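Q: Could we go through this structure feature by feature, with the general idea given before each case?

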Amino acid sequence: MIATSTEDFRRRARARLPRFLFDYIDGAAGDETTLRRNVADLQDVAIRQRVLKDVSRVDTATTLFGRRQGSPVVLAPVGLAGMYARRGEVQAARAAAARDVPFCLSTVAVCPLEEVAPASRAPIWFQLYVIRDRGFMRDLIARAKAQGASAMVFTVDMPVPGSRRRDAHSGMSGPNAVLRRYVQAALHPHWAWHVGLHGRPHTLGNVAPVLERASGLEDFMGWLGKNFDPAIQWRDLEWIREAWDGPLIIKGILDPEDARDAVRLGADGVVVSNHGGRQLDGALSTIRALPAVADAVGDRLTVLADSGVRSGFDVLRMLASGAKGVLLGRAWVYALAAGGQRGVEQLLDLLNAELRTGMALSGATDVTRIDADLLDRR
Ligand code: FNR
């Protein structure tokens, strides 16, 4: 398959996936206003065209949290990826390692830490959700440590799930939704076979121990509802800071005030993110929120960003607007569904080629030195 854009992968994913899974990935909260803004506002950012700057060498390598990587990109944590391709998280982690960028494993991944970390050639990042059972969170942190995870991403923009209409239509969410329904019934039998989930009772590896202790897979949504903790506050995060001595990154920050709180907590990084428009519909696009957050805390911790990134030029826009690294969400998921590990590698190659071209044509030769000087504000 020749793919020349994220949209090519998206179309291929739409053709392959059962509709409810495609909608789960592609959709967002409410009227999907924030999702559209993420993409449109990002594309609105103008980059300065510069000439005669000797761009015979362009370097995309950077260092995030003490580790050098080939480009400033990270694969964002995405739930249920093992439903989009066979052992999907393993395939994506291998693609990321092959292209020298970090892969971040979601709490609600199909493949557990103990499967993904050993299968990847490079250390993975692990994403943690706020779960009421602090003992279980401690276990997850210990498991991540035991598997050599090199960073912990703590996601804070989901105290309650966003209202996602496409999922309500498809049965992915709503009062009668149970994971069993979409894994075992709605997941078309041939697709379940294709991705290797046919007949597996427990599909979400990281949380399988507590699912088993509860009433099993069929009560996963109930478990989530009961266990995602809406009462969480900044001071509740202090023990996480103590339990995890590696780099701690707070994901889901849009407001400079919240970013300052992350500094006070002692976080090493923040991800400026609105969860790809999947949580608060009506929230500001990430690209518009990013400069103020970077101004407020950029000298005290590492500012990363995501939401709406579909091309290497978008990566460049995020960097020029204050991010030191950029997370890809749907882009890698479409590529995984479209072509497995190879698809994700192709996507990463494509975005890196676009980033290099964009840098050369704007006179930037070192990705670590990109700043607001690259923005054309006319
Ligand atoms: C996500 N995202 C997400 N974030 C997280 O911290 N834990 C998770 O389990 C998930 N799950 C998830 C599933 C799917 C299908 C999507 C599309 C997204 C959010 C993700 O990490 C990232 O913030 C957004 O995807 C970024 O926006 P774009 O790049 O998709 O526009």
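Q: In which sense do β9 and strand β10 pair, and over how many bridges?

A: A word on the source comes before the reading. This is a predicted model, in which local features need pLDDT of at least 70 and side-chain atom pairs count only at pLDDT 80 or more, while totals for chains, interfaces and linings use all residues. Residues are numbered from 1 along each chain as its sequence is written, and side-chain values use heavy atoms, with hydrogens and water left out. Strands (E, at least two residues) and helices (H or I, at least four) are DSSP runs numbered from the N terminus, and two strands pair if DSSP finds at least two bridges between them. Here β9 pairs with β10 (residues 325-328) in the parallel sense over two bridges, with Ala 305 standing opposite Val 326 in β10.

Q: Through which helix does the chain cross from β9 to β10, and what is the handedness of the crossover?

A: A crossover is called right-handed if, with the strands pointing away from the viewer, the path from the first strand over the helix to the second runs clockwise. The chain goes from β9 through helix α15 (residues 312-320) to β10, and this β-α-β crossover is right-handed.

Q: How many bridges join β8 to β9?

A: Strand β8 (residues 269-272) runs parallel to β9 (residues 302-305) and is joined to β9 by four bridges; Val 271 has Leu 304 in β9 as its bridge partner. The chain passes from β8 to β9 through helix α14 (residues 286-297), in a β-α-β crossover that is right-handed.

Q: What is the order of the strands in the open sheet?

A: The eight strands follow the order β3-β10-β9-β8-β7-β6-β5-β4, with parallel pairing, and the edge strands, each pairing on one side only, are β3 (73-75) and β4. Within this order, β6 (residues 151-155) and β7 (residues 248-253) pair in the parallel sense over four bridges, and Thr 155 has Lys 251 in β7 as its bridge partner.

Q: Which residues are closest to the ligand, and how many surround it?

A: A residue is near a molecule if one of its heavy atoms lies within 4 Å of it. The ligand is surrounded by 23 residues, of which the closest are Pro 77, Ser 106, Thr 155, Asp 306 and Gly 308.

Q: Is Cys 111 buried or exposed?

A: Buried means under 20% relative accessible area and exposed over 50%, with partly exposed in between (1.4 Å probe, protein chains only). Cys 111, in the loop between β4 (104-105) and α5 (113-119), is buried, with a relative accessible area of 0%.
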